[in-house]
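Please have a look at the sequence and the fold below. We will then walk through the structure together, one topic at a time.

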Amino acid sequence: MLEQLRFYIRHSLNDLRVNGRRTFFALLCIAAGVAAIVSLQTLAVMIGDTLDQNLQESNRGDIAALVMLMGRDDLQSAAQEGLVQQQPPSLFAAFGNGPQYFMPPAGLEKITSWLKEEYGNAITVTGKQSLTDIIGVFFGNGIGTTATVVATGDDTAQLSPIMIDPAVYPLYGDVKTIEGKELAAALANPTDIVFDQKSADNLEVKVGDVVKLNGSSAEFTVQGIVPTEAEITNPATGIINAIFGFYYLRLDAAELFPNVTPTVSDIYIKVNNPDQIAAINNAFTARYPFLETTTIDDMRVQNEAVSGQVSQLVSVVGLVSLLLGSIGIINTMQVIVRRRTVEVAVLKTIGLQGNQVTILFLVEAVIMGIIGSILGVLLGWATTFVIKGVAETLVAQPLAFRITLPPVINGIVVGTLVTTIFGFLPTLAAGRVRPAVVLRPQENIVPRAGCLTTLLALAFMIVALAFVANTILNNIGLSFGVTIGSFWGAAFLLVGLLIVIWVIATFAPSFGIIDLKISLRQLSAGRTRAAITLLALVVGVFSLSLITLLADSVNTLLKTAL
């Protein structure tokens, strides 16, 4: 048994070397699919690591409360306590049911006093305030959303003003300027301002320049520039800052904007004892039910869910890419079998049985799967570097590249299994080649595997592919449904293409052109192979078209929203 296996491996390696061009094409098909799996799964791991690396810093505290008062009708008691105020009529009112409210700085002071009375020095509280709402930022007509350079007159709009207490904010981590200064040092005076990199580039300002903010009675001096990602710890809530840019001001800078009451947008709580986070959060939400809180445990659950969904999505995309390449594997194996009928006949003449010939070709497919998968892993790591920048733009955070074992194992296992499964059907025909072909080498016609054998092979392929898909979908019923549906869809497409090829080859005129006439005859003779090749082309174009349509739809939606 061991000697036979050694013969199979040695013979397969020699054949792969001799048939270099066909081997290269098959390896390229395998490597492309495996590279998609490895690169996308590695990217998903990188995104998950970035989201989970420092939950407290990402959440800006152990507990973060988002002040979202739109469309709520239970704020009368909060207004009576002085926690919120009714908002003047605005564009928001058209979308709300009943009066709209906002939280003034006095509301934050009352909440802070309650927390200090309940928990004393066991907690630290801070928050962020703004001069306008999100609509004012979108349209660029809100107070403080437009900055103008006094010296040049250049301006930029749609900026988000962020007013903080630099001595406390942020509760976790550090926000430093690109010059290395802390926020507390950069915002020493009410007229100091710190821009993010995006808005600074748009304004073309540097440290020391003087700017004017719309709605302000004073001029501000630029004391620093921070990276844009410094304030985009959560991609979901930081998307506006990532798109348009922002700047920092001190809380007491609000006095420089006449007739404007700042709005509290976020409240952050630092708990000295981590065991008390859940209890404090429950008491806090019970006391102020109109605030939406997020603890680090909530963030951990959300990030795990997001990371899992991203990983599953990219795994499915990679598997689809590998299945597309598998059509090329089938074609390659069919060509290999057809070109080696005489060799197979010789092997059967010297004593090899049909099942042994099938095993020989199957070992060759396994070796191709392993080699192609290893090449795909290397290609996948290289591809990760290419798409890393796109992913960083998506999550608005830098991603640290690292090589992890699970994507590599998944890529090699799935690549080898899919190659073996799709190479199985052509190898059955190799085992039915008759030894008599040695006497008639010009008749290298490959016999059919037989209807029953083909049906059993297809059933085996469906079951095997369903289990491969289940490793990604984690739902065996859905995996079987998707696999069977894909085979039925491919079968209908293949029948349709066979009909189209027959019609063209039979009824299309040649116009007396001998080359066209020969091509039509050749097309009629190789209908099945031509249909399989066209099927691969149809599926590939369909996938590209679907991706293009989705990308165009998202782009159009974003343009319409903006």
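Which element gives the most to the nonpolar patch? The answer is helix α13, with 5 residues. The patch itself lies on the surface and is formed by L2, L5, I9, L13, I370, I371, I374, L375 and L378, which together have about 760 Å² of accessible area. Two elements, α1 (2-18) and α13 (354-395), each give two or more residues to this patch. Helices and strands here are DSSP runs numbered from the N terminus, where a helix is H or I with at least four residues and a strand is E with at least two. To join a patch, a residue needs over 30% relative accessible area and no salt bridge; like charges are joined within 9 Å, and nonpolar side chains (Val, Leu, Ile, Met, Phe, Trp, Tyr) within 5 Å. Accessible areas come from the Shrake-Rupley method with a 1.4 Å probe, and for residues only the protein chains shown count as cover.

Before going on, keep in mind that this is a predicted model, in which local features need pLDDT of at least 70 and side-chain atom pairs count only at pLDDT 80 or more, while totals for chains, interfaces and linings use all residues. Residues are numbered from 1 along each chain as its sequence is written, and side-chain values use heavy atoms, with hydrogens and water left out.

Now pick out I371, which sits in helix α13. I371 counts as partly exposed because its relative accessibility is 34%. The classes are set by relative accessible area: buried is under 20%, exposed is over 50%, and partly exposed is in between (1.4 Å probe, protein chains only).

R21, R338, R339 and R529 form a positive one. In this count Lys and Arg are positive and Asp and Glu negative, with His and the chain ends not counted; the place of a charge is NZ of Lys, CZ of Arg, CG of Asp or CD of Glu. R339 belongs to helix α11 (residues 296-339), and its relative accessibility is 58%, so R339 counts as exposed.

Let us turn to the salt bridges. Each is a side-chain nitrogen of Lys or Arg within 4 Å of a carboxyl oxygen of Asp or Glu, and the whole structure holds 7 salt bridges. One of them joins the side chains of E231 and R60, at 3.4 Å from N to O. This pair links distant parts of the chain, 171 residues apart: E231 is in the loop between β10 (219-226) and α9 (239-244), and R60 is in the loop between α3 (55-59) and β1 (63-66). Both E231 and R60 are buried. A network of salt bridges links R60, K128 and E231.

Is D209 buried or exposed? With 17% relative accessibility, D209 counts as buried, whereas K206 is exposed at 54%.

Next come the aromatic rings. Rings of Phe, Tyr and Trp (its six-membered ring) pair if their centres lie within 6.5 Å; planes under 30 degrees apart count as stacked, over 60 as edge-to-face and the rest as tilted. The count by this rule is 10 aromatic pairs. Among them is the edge-to-face pair of W502 and F507, with 5.5 Å centre to centre and 85° between the planes. W502 is partly exposed at 41% relative accessibility, while F507 is exposed at 57%. Elsewhere, W114, F284, Y288 and F290 form one aromatic cluster.

Finally, there is a backbone detail to find. The peptide bond from Y169 to P170 is cis, with omega near -5°, and P170 lies in the loop between β7 (160-164) and α7 (183-186).
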